[in-house]
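Please look at the sequence and the model below before reading on. The paragraphs after it go from the whole chain to single residues.

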Amino acid sequence: MNTSITPLLEIDWLQLLPLILPILFLNVLLIGITLFDWYKRKNQIVLPYLWLWIIVSMQMVGPILYLMIGRRNARHDYDS
């Protein structure tokens, strides 16, 4: 198993920057929009802190899962 970091040091990161920056920007934008939506709806969704953990811990996949599945799981309060 190769555990040396010298191949990472040999990469010209400035050439990869135009490819990495849009992906990074979209990821931060997606997480920001999702966290804003989560904050607005946290009293309405089922298991809100589990969804928060999913959004924050699973890059790109977590926010998409929340927007597709988590928003639909509305809490039904039958007591009121």
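Which pattern does the chain follow, read along the sequence? The pattern is α-α-α-α, with 4 helices and 0 strands in the chain. Helices (H or I, at least four residues) and strands (E, at least two) are DSSP runs, numbered from the N terminus. This is a predicted model, in which local features need pLDDT of at least 70 and side-chain atom pairs count only at pLDDT 80 or more, while totals for chains, interfaces and linings use all residues. Residues are numbered from 1 along each chain as its sequence is written, and side-chain values use heavy atoms, with hydrogens and water left out.

Next, the overall dimensions. Along its principal axes, the C-alpha trace spans about 65 × 30 × 15 Å. The radius of gyration of the chain is 18 Å, whereas a compact globule of 80 residues would have one near 12 Å. This radius is taken over C-alpha atoms, and the globule rule is 2.2 Å times the number of residues to the power 0.38. Of the 80 residues, 18% count as buried; buried means under 20% relative accessible area, exposed over 50%, and partly exposed in between (1.4 Å probe, protein chains only).

Helix 2 has 29 residues, which should span 42 Å at 1.5 Å a residue, and its end C-alpha atoms are 40 Å apart, which agrees. The expected span is 1.5 Å times one less than the number of residues. Helix 2 bends by about 40° at L19, and the proline P22 follows within four residues. The bend is the angle between axes fitted to the seven residues ending at a residue and the seven starting there.

Which residues of helix 2 are buried? They are N27, I31, T34, D37 and W38. What covers them includes helix 3 (48-57) and helix 4 (61-70). An α-helix has 3.6 residues a turn, so residues three or four places apart point the same way.

D37 counts as buried because its relative accessible area is 9%. Its side chain and that of Y66 are joined by a polar contact of 2.9 Å (a pair of N or O atoms within 3.5 Å; within protein, one must be able to donate a hydrogen and the other to accept it, and residues adjacent in sequence count only if both atoms are side-chain atoms). Leaving aside neighbours within four places in sequence, D37 is in contact (heavy atoms within 4.5 Å) with Y66 and R71.

Q59 lies in the loop between helix 3 and helix 4. Q59 counts as partly exposed because its relative accessibility is 45%. Leaving aside neighbours within four places in sequence, Q59 is in contact with N27 and I31.
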